[in-house]
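Student: Could you walk me through this one? I would like to start with the overall layout and then look at a few residues.

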Amino acid sequence: MYKLLKLPLQRLLIITLLCLLAACGFKLRGQISTLPFESLYVSAPVGHTIGPDLERAITASTTTKLVKNAEEAEAVLQVLGAVNERNILSLSGGGRVREFQLIFRVRTRLVDNQGKEIVPASDISLLRILPFLDAQILAKEAEEKMLYRDMQADAVQQIIWRLSAIKKPQ
């Protein structure tokens, strides 16, 4: 008799938990398809790859049109700076580096085509830890470059998410 009651109670409990999870508002993040601007110009530091990466991501994942000059754009995304930093995180007993902390910082702001600020300058900082061995110097250099590329890709996605959350000025 207990087994007969146990099975429906388990099902009822599972169904109740699923309903509660659905009611909490949880949903997967999904893709961004629209930004609050019809056209956008990206102004980035010369020699840094974040500008082309931003342009590529905006073109691929949104309906916003990228323009070639700021006067034609409804908004201008200014990348004020993007820097890579490397700090020593830990040393061995013999004074050799065992771990580095890699930091990627990017500072952006959004203005309209007249230069009026829509979103003030904001920073995105991403951190990664790189274990280091003297015997693997070449491999660690390649790993460091890969980590910086990954951090830049993450920063690009965060910038696009921030742009999608902006309320269009009237």
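What follows is a conversation about the layout of the chain and some of its residues.

Student: What kind of model is this, and how many helices and strands does the protein chain have?
Tutor: This is a predicted model, and its protein chain has three helices and five strands. Read from the N terminus on, the elements run α-β-α-β-β-β-β-α.

Student: And how much of the chain counts as buried?
Tutor: Of the 170 residues of the protein chain, 28% count as buried. The chain exposes about 11500 Å², and carbon and sulfur atoms supply 58% of that area.

Student: What share of the contacts join residues at least 24 apart?
Tutor: If you take the contacts in the protein chain between residues at least 6 apart in sequence, 69% of them join residues at least 24 apart.

Student: Ok, on to the strands. In which sense do strand 3 and strand 4 pair?
Tutor: Strand 3, residues 75-91, pairs with strand 4 in the antiparallel sense over 15 bridges. The hairpin they make has five residues between the strands, and there Gly-95 takes a positive phi near 85°.

Student: And over how many bridges do strand 4 and strand 5 pair?
Tutor: Strand 4 and strand 5 pair over twelve bridges, in the antiparallel sense, with Phe-104 standing opposite Leu-126 in strand 5. These two strands form a hairpin with four residues between them, and Gly-115 in the turn has a positive phi of about 95°.

Student: Which residue in strand 4 is the bridge partner of Ile-88?
Tutor: That is Phe-100, a residue whose ring also has the charged end of Arg-86 sitting over it, 4.4 Å from the ring centre.

Student: How many aromatic pairs are there?
Tutor: The count comes to one aromatic pair. Phe-100 and Phe-132 form it in an edge-to-face arrangement, at 5.4 Å centre to centre and with 80° between the planes. The pair links distant parts of the chain, since Phe-100 belongs to strand 4 (residues 97-112) while Phe-132, 32 residues apart from it, lies in the loop between strand 5 (117-131) and helix 3 (137-164).

Student: Are Phe-100 and Phe-132 buried or exposed?
Tutor: Phe-100 is buried, and Phe-132 is buried as well.

Student: Staying in strand 4, why does Leu-110 count as buried?
Tutor: Leu-110, whose place is in strand 4, counts as buried because its relative accessible area is 2%, and buried means under 20%.

Student: What is Leu-110 in contact with, leaving aside its neighbours within four places in sequence?
Tutor: Its contacts include Phe-37, Leu-40, Ala-75, Val-76 and Leu-77, and also among them are Glu-117, Ile-118, Val-119, Leu-163 and Ile-166. As for Ser-122, twelve residues apart from Leu-110 in sequence, the C-alpha to C-alpha distance is 9.5 Å.

Student: Switching topic, where does Thr-62 lie?
Tutor: Thr-62 lies in the loop between helix 2 (50-61) and strand 2 (65-66), and Thr-62 is buried, with a relative accessible area of 10%.

Student: What does the side chain of Thr-62 reach?
Tutor: The side chain of Thr-62 reaches the backbone nitrogen of Thr-64 at 3.4 Å, and a polar atom of that side chain lies 2.6 Å from the backbone oxygen of Ile-58.

Technical notes
Residues numbered from 1 in each chain as written. Predicted model: local features only at pLDDT ≥ 70, side-chain atom pairs only at ≥ 80, totals over all residues. Heavy atoms only, no water. Buried < 20%, exposed > 50% of the residue type's maximum accessible area, 1.4 Å probe, protein only. Polar contact = N/O pair within 3.5 Å; in protein donor to acceptor, adjacent residues only side chain to side chain. Phe/Tyr/Trp six-rings, centres within 6.5 Å; stacked < 30°, edge-to-face > 60°. Lys NZ or Arg CZ within 6 Å of the ring centre and 35° of its normal. Pairing = 2+ DSSP bridges. Contact = heavy atoms within 4.5 Å. Areas by Shrake-Rupley, 256 points an atom, 1.4 Å probe, with all protein chains shown as cover.
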